[in-house]
Amino acid sequence: MPSLHETAYPRLKTNPDETDLEAAYTATLEEIELAKQVARNANTQLGFLVLLKTFQCLGYFTVLQEVPSLVTNYLSKQLGFLLVPPELVKYDSSGSRHRHKHLIREHLSIKPFTQGGINVLNQAVQEASQTREDLTDIINVALERLVQQNFELCGFTVLVRQARAGRKEVNDLLYEKVAEVITQETRIKLDVLWQEKGQQVGTTLWQDIKRDPGKPTLKQFRESIKHWHWLLSLRPDADIQILLPDVKLRQFADEASKLDSSRMMALGVDKRYTFALALLAVQLAKQLDDLTNIFIRRITRMHTQAKADLEMYQLTHQARTDNLIATFRDVLSAHAREGSQVERFVA
């Protein structure tokens, strides 16, 4: 479960400085006048103003007990009070607070979350889950959508619960889509991966798929090619990478790499096949990249050596080359002299 501070969920600074107070909690003349209109005594006036200004910062209502005293004192002075009214502690449990929440929503044109916010939240979560896997990212998208549509923010636990449920629903649909396109032949190949190798207790082909091939050396090149062909033989005819967004593919592969055979078998069938094929796709790409890199390094080394050999050849045969050029020059000069054809050939 993501923690609150990892997301964009608004929260109050516990120790705001003067700049923070001026930027976030300086009430306008209209807001001060509104506080005096909706409340008669100092306690409820200050309670209203604190509730209004903190809501503007947070997007949801918080209890005054959680508001830093620096904020309360700052707003109190703006109302002309030398001290914070002692009765303010009773504001959170008063009927005035409930009435003030309604007035603040009207003043800011904010819709209560209970009036359709859950639908907006679920739609945002569904859309975000199509291309995102991290709950923090999904929650941040949902927060942005609620703010854009002028909804009061719900509690953080509600966000987490709906984000997790929405992501699960999207992922379950992806598992089903993958399962629908793979053939029975592919299923049989995959099922073998989680079975023990003959008499080798506790050893499965799944471990071979999960192992990191590392950077193959020239000596390991043939073995790496053999391993890549084996991985290739397990790949289904259908390209699951078309069905899975890249972020989902990599996340599923990462989760699969952390599961042993028994835990893979404990997964639902569709999810198990999807995880296996996602890991297979990632491992194939990684293995091919490694083989390509060692091939490129080998060709580059050959090219560099050939260039050096050519330079050495040219250097060691320079005198012979110069002699041939000088001889050719002499032949041309002799042929170009005056005289009969016989004399020129003799020359």
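Modeller: Gladly; please note that this is a predicted model. Glu127 is partly exposed, with a relative accessible area of 38%.

Biologist: Why is Glu127 called partly exposed?

Modeller: Buried means under 20% and exposed means over 50%. The value for Glu127 is 38%, which lies in between, so the residue is partly exposed.

Biologist: Why is Arg145 called buried?

Modeller: Its relative accessible area is 18%. The limit for buried is under 20%, so Arg145 is buried.

Biologist: What makes the contact of Arg145 and Glu127 a salt bridge?

Modeller: The N to O distance between their side chains is 2.8 Å. The criterion is a side-chain nitrogen of Lys or Arg within 4 Å of a carboxyl oxygen of Asp or Glu, so the pair qualifies. This pair links distant parts of the chain, with Arg145 in helix α7 (residues 135-148) and Glu127 in helix α6 (residues 117-131), 18 residues apart.

Biologist: Which parts does the salt bridge of Glu31 and Lys53 tie together?

Modeller: The closest N and O atoms of Glu31 and Lys53 are 3.0 Å apart. Glu31 lies in helix α2 (residues 29-38) and Lys53 in helix α3 (residues 42-58), so the pair ties together parts 22 residues apart in sequence. Both Glu31 and Lys53 are buried.

Biologist: How many salt bridges does a search of the whole structure find?

Modeller: The search finds twelve. Among them is the pair of Arg97 and Asp92, at 3.5 Å from N to O; Arg97 and Asp92 are both buried.

Notes:
Residues are numbered from 1 along each chain as its sequence is written. This is a predicted model: local features need pLDDT of at least 70, side-chain atom pairs count only at pLDDT 80 or more; totals for chains, interfaces and linings use all residues. Side-chain values use heavy atoms; hydrogens and water are left out. Helices (H or I, at least four residues) and strands (E, at least two) are DSSP runs, numbered from the N terminus. Buried means under 20% relative accessible area, exposed over 50%, partly exposed in between (1.4 Å probe, protein chains only).
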